[in-house]
Amino acid sequence: MTATIDRPRTGAPLPTKPGRPPRRPVDRLRDVLTSPKSGPVLVTAVLFVAVFIVGGVRYNGFFSGQVLLNLFVDNSYLIVLAVGMTFVILTGGIDLSVGAVVALSTMIAASLLQTGWSPGIVIPLILVLTSVLGLLVGLMIHVFKVQPFIATLAAMFLARGLCYVISKDSISITEPTFVALAVTRIPLGGGLSITPSVVIALAVVIVAVWVLGFTRFGRTVYAIGGSEQSGMLMGLPVARTKVIVYVVSGFCSGLAGVLFSFYTLSGYPLTAVGTELDAIAAVVIGGTLLTGGYGFVLGSVLGVLVLGVIQTIITFEGTLSSWWTKIFIGALLLVFIILQKVLTARRR
Amino acid sequence: MTEPVVEMSAISISFPGVKALDDVSFRMFPGEVHSLMGENGAGKSTLIKALTGVYQIDSGTIVVDGQPVSFTGPAAAQAAGIATVYQEVNLLPNLSVAENILLGREPRRFGSIDGRAMRRRAAELLDGLNLDIDPGSLLGSHSLAIQQLVAIARAINVDAKVLILDEPTSSLDADEVAELFRVIRSLRDSGVAILFVSHFLDQIYEITDRLTVLRNGRLVGEYLTEELLRIDLVQKMIGKELTVLDEIGRKAHSADGDGAAADRPAEYARAEGLGRKGAIEPFDLVIGEGEVIGLAGLLGSGRTELARILGGIDRADSGTLTVGGAGSKLRTPRQAISRRIAYSSEDRRGEGIIDELTVRDNIVLALQADRGWFRPIPKKRQEELAQSYIQALNIRPANPDALVRNLSGGNQQKVLLARWLAIAPRLLILDEPTRGIDIGAKAEIQKLVYTLAENGMSVVFISAELEEVLRLAHRVVVLRDRRLVADIENDGLTVDALLALIADGSVAEEGGVPDAPAAVSGSGAARASVADTRPDADTDPAPLETSGDRR
């Protein structure tokens, strides 16, 4: 209705014109912090820096670039998983299958490489297979209106079971390309280095940021999380998008599995048990609302880094059992969920 | 007259068991604001959904802009230039204003959404509506009124020829409504055909040019707003032959209008300035012991809202309520029940009976809740209760173990009544207890209400059927546009007069209630009248005198 815009304005000025009075920086800061969109992410960022500083003050050698980079090196697969999970959670769904799919990917990689397949075929094959699994889950959720929790739970058991069909035992990977990818360090100068996995993970993050922030598909993901009904009435491709997020999550799980097999150089049916929960924790700590609609990929990356830095601190501490990581993560999750509740409640 | 932009002819739509629309025709002209009027179940929303492509029509034709169309879904209707803003703003609070306006049609560059161009375009559209908000801000951070205007901005961006506004003002205050009307007028002047649906008669008369009235899925007629008196409109919506109704009302009314003035029932509850923002304006109401108060008003007039506040379902945010001489704040239904106030919802299935439980379980539910769950009612007592109410209310089948799901609507309503009667209420609030039930059960429930009042129970009775209200009520409280507009004795009150009150609150010239001062809530006249004309529930039911016979 372009005519409306060009039409001379005859109407009286707005009686309740919602003007924007000049705001004090304090107000603005409070607004940003209590916004469900950016508040939790900022809190996570502050938390990460704080924990890192605490670690640096407490332990010698903590304040090195390599410690920071190792957070990425050790968690590259988790970053990829968290990215996929972010897509799903943004729509208000959940994907419980990712840990089992990681294990399945490592099993497929290990067993096929063992029989002499080329990595150039094995890796794409894994990505296709896990994407198809995601597609099936998505269709199950969309066509049969199955709860995402149940549908992905079924996929989790299926994937975990398939691991044992391939082998009950650990299969080590000796294929030269894989070994090379596993041990290669990319020097960044100053004695710092990262692995190819980190590069892949960061590439995934960049693509995901672009897709979620700047494409119709990405914005539809947010729209579904905001209100599926509204999205439908606005004429958005809700059904298609809902299915595709599970494909994305499946693809990311497959890729994470490949990265994980670079990291461990083996396939083992019992590997990555509970990793789906780590991914969900990272996404939630990263500020994505479990009910969907609010959150950022970069927040999820921050979430992974927070988990990583807690792990690192516990390693540096030396006397604490690694299970303390879980306790901290649990406490942190609780705090974040309550924080999110408070923030969203304020807005309503 | 220009050609209509929308012409729907002989539209019929059936749902299992119901004919929602039967041979309805409807047209809209460019540059005109049109309204669809009708009570609950008239078929308004079905017709709108047919036009917006949500429902498929069974028969009939839809012509938009000279082209016959058959919509396969909302997207198809939008593509044909029919834009809709739904009652509950269907936008996304988690995205920016600009995105909400342009989502699905964002300007793109190299496959990416061009955020800057999008905000610019959104700013232009908002500017066209004279709305100064930051397009980059989150939609959820704005008031509902702004969100509504954003929804309109989205709608007009689609190059709409037809804009459908379904109850756009239901949650707006007066200033916001004025702002919305300004936008509607400027859109109308630019040639858009606007369908404005609202329960507020004042707003209908302020903004619309043309009205189409539906009733029970049938077309009553199309009228120019200025040529249709409010009273005629309401009459057409409610759709009774008034003269006939008059008779029934007079014959059946059982309260004694004359000679009873001396013993006004003792006051049981008194509301002063009780109100709730956005639901009902502050009102005063006195409920006497053994008095039946009928609430009359159109759907959305605030009758249910008033009842819900009295019943403790919704919290009042102003005023006081005195029950049995003591001030009381009713925050929850539980508190109301403990004061022996029972509210029976109009939504029988959703807020009333519990489908999967037996008749007995449904009957003892409120009593059990009141006793506390740790003091279970003995099985034997439950059985007695159920049996006695089944007999007293003539519930069929007379089997306490039958699932309520399998009972007819009327019998479900009786079970619900039994549940509330089991707690021995002093004040019983019945919201549309007779809707959708057969005539026999209806009569039984009416009789029951009458008997209960005789025995000293106060009853607040809501019904869309005016003759029912007139038959039962000692006093009638009329609501319009969320305000209590009249509180009058049912003393020779006629349906005509009641209709006039419902329509515009001014009775005097419409005639019908010569001595019933229909006054705005709280006015001295209305109160005074209450004080000296007292119906007496204890006197024998006597046929009402003819209307001329009054003090």
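This passage walks through a sheet in chain B, a helix pair in chain A and two residues with positive phi. The model is a predicted one, so local features need pLDDT of at least 70 and side-chain atom pairs count only at pLDDT 80 or more, while totals for chains, interfaces and linings use all residues. Residues are numbered from 1 along each chain as its sequence is written, chains are lettered from A and ligands numbered from 1 in the order written, and side-chain values use heavy atoms, with hydrogens and water left out.

Take the sheet of chain B to begin with. It is open, has six strands in the order S6-S9-S10-S3-S11-S12, and its pairing is mixed. Here strands (E, at least two residues) and helices (H or I, at least four) are DSSP runs numbered from the N terminus, and two strands pair if DSSP finds at least two bridges between them. Strands S6 (82-85) and S12 (218-224) of chain B sit at the edges, each pairing on one side only. From one strand to the next, the twist averages 20°. Within the sheet, S3 (residues 33-37) and S10 (residues 193-197) of chain B pair in the parallel sense over two bridges, and B:His34 has B:Leu195 in S10(B) as its bridge partner.

Helix H8 (residues 230-238) of chain B packs on this sheet, touching (heavy atoms within 4.5 Å) S3, S11 (210-215) and S12 of chain B. The direction of H8 makes about 30° with that of S11(B); such angles run from 0 to 180 degrees between N-to-C directions, with axes fitted to C-alpha atoms, for helices over the stretch in contact. Helix H5 (residues 144-157) of chain B lies across S6 and S9 (162-166) of chain B, running at about 170° to S6(B).

Over in chain A, helices H5 (residues 98-114) and H7 (residues 148-166) pack at about 25°, with their axes 8 Å apart. H5(A) and H7(A) are therefore roughly parallel (the label covers angles under 35 degrees). Residues that meet here include A:Leu104 and A:Met107 from H5(A) and A:Met156 and A:Leu162 from H7(A).

Finally, two residues other than glycine have positive phi. A:Ala272, with phi near 55°, is in the loop between S4 (266-267) and H13 (275-285) of chain A. A:Ala272 counts as buried at 10% relative accessibility (buried means under 20% relative accessible area, with a 1.4 Å probe and protein chains only). B:Asp481, with phi of about 50°, falls in the loop between S21 (475-480) and S22 (483-489) of chain B; B:Asp481 is buried too, at 12%.

Definitions and conventions. Parallel < 35°, antiparallel > 145°, perpendicular 65-115°, else oblique. Buried < 20%, exposed > 50% of the residue type's maximum accessible area, 1.4 Å probe, protein only.
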